Amino acid sequence: MESKELVKEAFKARENSYSPYSGFSVGAALLCKNGKVYRGCNMENAAYSPGICAERAAIYKAVSEGDKEFSKIAIVGGPTGGKIEKYAFPCGVCRQVMMEFVNPDNFIIVVAISENEYKEYTLKELLPEGFGPDNL
Ligand code: THU
């Protein structure tokens with residue numbers, strides 16, 4: 001799947017963001033090697049720490065459905081109801097969770113501000129010398 005299409009999916013995922021505390025809505029769309037796409041959004045909580053990022057929501061949805069071979073993830077984030085002006089990069093915890101399941105040399109992270117404005121990185125670029133299952 002082309003990145004532009006995956007970005008569209010991330011925008012759809014973002015519509016379901018539950019982020020009343022930060023006012024920052026994030027959507028992610030995770031492409032599996034078998035072609036399936038899992039959407040995720042950030043979900044916050046009155047007790048704060050139980051909240052989860054959009055990227056991890058998408059990854060855990062996929063793993064819980066038996067899919068754990070991933071090729072790419074698209075991420076969009078910005079103020080709820082506002083225009084997206086900055087690229088939203090995955091937090092460190094989400095990068096670490098990606099590291100658990102993918103080859104950091106090949107897995108692509110797409111950060112977007114619109115369907116036509118996006119940048120692509122490998123996980124290795126965003127998490128150099130990461131610690132993963134191969135290190136144990
Ligand atoms: N957030 C994500 O969903 N993904 C990230 O990679 C960074 C942050 C969420 C968490 C929280 O709900 C809101 O954005 C503000 O930090």
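1. How do the residues of the lining of the second largest pocket divide into nonpolar, polar and charged? They comprise eleven nonpolar, two polar and three charged residues, where Ala, Val, Leu, Ile, Met, Phe, Trp, Tyr, Cys and Pro count as nonpolar, Asp, Glu, Lys and Arg as charged, and the others, Gly among them, as polar.

2. A note on the basis of these values: this is a predicted model, in which local features need pLDDT of at least 70 and side-chain atom pairs count only at pLDDT 80 or more, while totals for chains, interfaces and linings use all residues. Residues are numbered from 1 along each chain as its sequence is written, and side-chain values use heavy atoms, with hydrogens and water left out.

3. The second largest pocket holds about 190 Å³ of space, and of the 16 residues that line this pocket, Phe24, Val26, Asn42, Cys53 and Glu55 are the closest to its centre. A pocket is here an open set of points on a 1 Å grid over the protein atoms alone, where a 1.4 Å probe fits, with protein on both sides within 12 Å along at least five of seven lines, and lining residues have an atom within 4 Å of a point. Helix α2 supplies the largest share of the lining, three residues.

4. The ligand sits in the second largest pocket, in the sense that more than half of its atoms lie within 2 Å of the pocket's grid points. The residues around the ligand (a heavy atom within 4 Å) include Ser22, Phe24, Asn42, Cys53, Phe89 and Pro90, and the shell divides into seven nonpolar, two polar and two charged residues.

5. As for polar contacts (pairs of N or O atoms within 3.5 Å), an oxygen atom of the ligand is 2.5 Å from an N or O atom in the side chain of Glu44, and one is 2.7 Å from such an atom in the side chain of Glu55. A polar backbone atom of Ala54 is 2.9 Å from an oxygen atom of the ligand.

6. The largest pocket has a volume of about 250 Å³ and is lined by 15 residues, with Met99, Pro104, Gly130, Asp134 and Asn135 nearest its centre. Helix α3 (residues 92-101) contributes the most to this lining, with three residues.

Key. Polar contact = N/O pair within 3.5 Å; in protein donor to acceptor, adjacent residues only side chain to side chain. Points joined across faces, edges and corners; volume = space filled by probe spheres on them. Helix = DSSP H or I, 4+ residues; strand = E, 2+ residues; numbered from the N terminus.
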